[in-house]
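Me: I would like a close look at one part of this model and at what surrounds it. Please keep the account plain and give the cut-offs.

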Amino acid sequence: RYKEAGGLLEGAKSGWAALYGADSARVARTLSRIAEARMGADDHAGAEAAAQEALAIVERIRQWPHGDFQVAHITLGEIYRVTGRWSESEHHFSEALRAVEALRTSNGANVVGIRVGVATAMYRQGRVAESLSQAP
């Protein structure tokens, strides 16, 4: 089903690009969803490419801080967590947390998940004491 969803999302991405341009928030958000679908299909390289493209669009069109930065960084953090790329995972989860804090939306389930992502990456890199300081 993930492959089917990916195909539908690719069609949506093309539609949004035709309506709003390739560098639009709708295209970036759809790319993040494409990345998630590719992760579900165990296409880690494809997921990373889609998520990197989403972040690149967000960086071009959005002023910091914006929730789209948070979404793009969470997606990349998760991809790197699943693939064991702990330093990169920590970087992206930390950037997502920085966006949350800048937006002053620092409560809720998303923030807990982001903090767990940062802490897990730190722990997996052998920084146990520092990882414990990230506990929600």
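Leaving aside its neighbours within four places in sequence, which residues is Leu31 in contact with?

Reply: The model is predicted, so local features need pLDDT of at least 70 and side-chain atom pairs count only at pLDDT 80 or more, while totals for chains, interfaces and linings use all residues. Residues are numbered from 1 along each chain as its sequence is written, and side-chain values use heavy atoms, with hydrogens and water left out.

With neighbours within four places in sequence set aside, Leu31 is in contact (heavy atoms within 4.5 Å) with Lys13, Ala50, Glu53, Ala54 and Ile57. Leu31 is also, along with Ala35 and Ile79, among the residues touching the most other members of the largest nonpolar core, which has 21 residues. A nonpolar core here is a set of buried Ala, Val, Leu, Ile, Met, Phe, Trp, Tyr and Cys residues joined through side-chain atoms within 4.5 Å. Buried means under 20% relative accessible area, exposed over 50% and partly exposed in between, with a 1.4 Å probe and protein chains only. At least two residues of this core come from each of α2 (25–40), α3 (44–61) and α4 (67–82); helices are DSSP runs of H or I, at least four residues, and strands runs of E, at least two, numbered from the N terminus. Another core, of 5 residues, lies apart from the largest one and includes Ala96, Leu97, Val111 and Ile114.

Two of those names, Val111 and Ile114, are among the buried residues of α6, with Gly117, Val118, Ala119, Ala121 and Met122. These buried residues pack against α4, α5 (86–103) and α7 (128–132). The axes of α5 and α6 (lines fitted to C-alpha atoms, for helices over the stretch in contact, with angles from 0 to 180 degrees between N-to-C directions) come within 8 Å and cross at roughly 150°. That makes α5 roughly antiparallel to α6, since angles under 35 degrees count as roughly parallel, over 145 as roughly antiparallel, 65 to 115 as roughly perpendicular and the rest as oblique.

The axes of α4 and α5 also come within 8 Å, crossing at roughly 160°, and these two helices are therefore roughly antiparallel to each other. Ser89 is found in α5 and counts as buried because its relative accessibility is 0%. Beyond its neighbours within four places in sequence, Ser89 is in contact with Gly77, Tyr80, Arg81 and Ala121.
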